[in-house]
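Hi,

Here is the structure I promised to send over.

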Amino acid sequence: MAQLRKRRHEGKSPVEEASVNPGGGGSAAHRKLLAAGFYAVSSFLIVVVNKSVLTSYRFPSSTCVGIGQMLATVVVLRTGKMCGVISFPDVDRSIPRKMFPLPLLYVGNQISGLFGTQRLNLPMFTVLRRFSICLTMLFEGLLLKKTFSAPVKATVFAMVFGALVAASADLAFDLLGYIFIMTNNVLTAASGAYVKQKLDSKELGKYGLLYYNALIMIFPTTAYAYYSGDLQVGLEYSGWCDPRFVVQFVLSCVMGFVLMYSIMLCTQYNSALTTSIVGCIKNILVTYVGMVFGGDYIFTWTNFVGLNVSIAGSLVYSYITFTQEQTKKA
């Protein structure tokens, strides 16, 4: 009973404990691998679904998609708690203090990412996301006092350089799209480092962080959407009669929760930097899929070479970081 209460206090359900540690013999490496794979798949699927909803179906309000994702997170986690599947602390006056500044980073990250997805083609969206690794290194150094080797810094430079080369020949250049995605990079990096910090403190657990992130920000975001006219534009969208659009919109909302949960798991079992690495590798697939099937990529040799330089840097970076981690453990 004491162990069960401890797991519940840390935000870990009995079901999850059994799944990752059956019979008490689950390996840490296995959990880390599963968490990273879960995040990679979730991250890939939500980019594709969001791109379809916002670009293919031309849904006019990224903010409404964000609100839907917050609502799905609140409903799923609250239902899970009521059914006794998961547990997290009840609301009290200390919650805002324990959460700050994660809710602000969460909503900013979510909305800027959706706007960036809407305005940029997939190859440029993913290659510009490489900047988030550089920024994650910076925030981990500042907040978690981590240091990084010269080879890691060199490969990060290659990724950033390739992204800059690709951007210099982007014929579909969209200034607002670039601003949104760079804002998203900063917020992603800061959020990853703070999530690791909050998870290590074990005050709210991963479910509490997810639930209160969404609950705290859903009301001001909805108010913003109402007063800016985004909510009305979203409700008046003509595609609500199309069952295929509705299915993809609902899937986008649910995947918003799944993505945030997978990020929490990957960061908890690995690190904020590892989470960035996994996202980076996933983006390689998104880049090439976007070139062929995205419909809005304009090919030039300079842009294509820049994309591939950035991709090559990300692969070498991932290999170096992984081998260094293994060396430290040995």
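Before the notes, a word on classes: Ala, Val, Leu, Ile, Met, Phe, Trp, Tyr, Cys and Pro count as nonpolar, Asp, Glu, Lys and Arg as charged, and the others, Gly among them, as polar. Keep in mind too that this is a predicted model.

On to the cavity. The structure holds one cavity of 30 Å³ or more, and the space inside the largest cavity comes to about 660 Å³. What lines it? There are 35 lining residues, and by class they split into 15 nonpolar, 18 polar and two charged. If you want to find the centre in your viewer, look for Asn-109, Arg-129, Thr-188, Leu-259 and Ile-263, which lie nearest to it.

H14 gives the most, with seven residues.

H6 also turns up in a helix pair. Helix H4 (residues 62-82) packs against H6 (residues 102-119) at an angle of about 135°, and their axes are 9 Å apart. That angle makes H4 oblique to H6, and their crossing is right-handed.

Which residues meet there? From H4 you get Ser-62, Thr-63, Val-65, Gly-66, Gln-69, Met-70 and Thr-73, while H6 brings Tyr-106, Val-107, Gln-110, Ile-111, Leu-114, Phe-115 and Gln-118. By class, that contact has seven nonpolar, seven polar and no charged residues.

Cheers

Definitions and conventions: Residues numbered from 1 in each chain as written. Predicted model: local features only at pLDDT ≥ 70, side-chain atom pairs only at ≥ 80, totals over all residues. Heavy atoms only, no water. Axes fitted to C-alpha atoms, helices over the stretch in contact; angles between N-to-C directions. Helix = DSSP H or I, 4+ residues; strand = E, 2+ residues; numbered from the N terminus. Parallel < 35°, antiparallel > 145°, perpendicular 65-115°, else oblique. Left-handed = near helix turned anticlockwise from the far one by under 90°. Contact = heavy atoms within 4.5 Å. 1 Å grid on protein atoms, 1.4 Å probe; cavity = no way out; pocket = protein on both sides within 12 Å on 5 of 7 lines; lining within 4 Å. Points joined across faces, edges and corners; volume = space filled by probe spheres on them.
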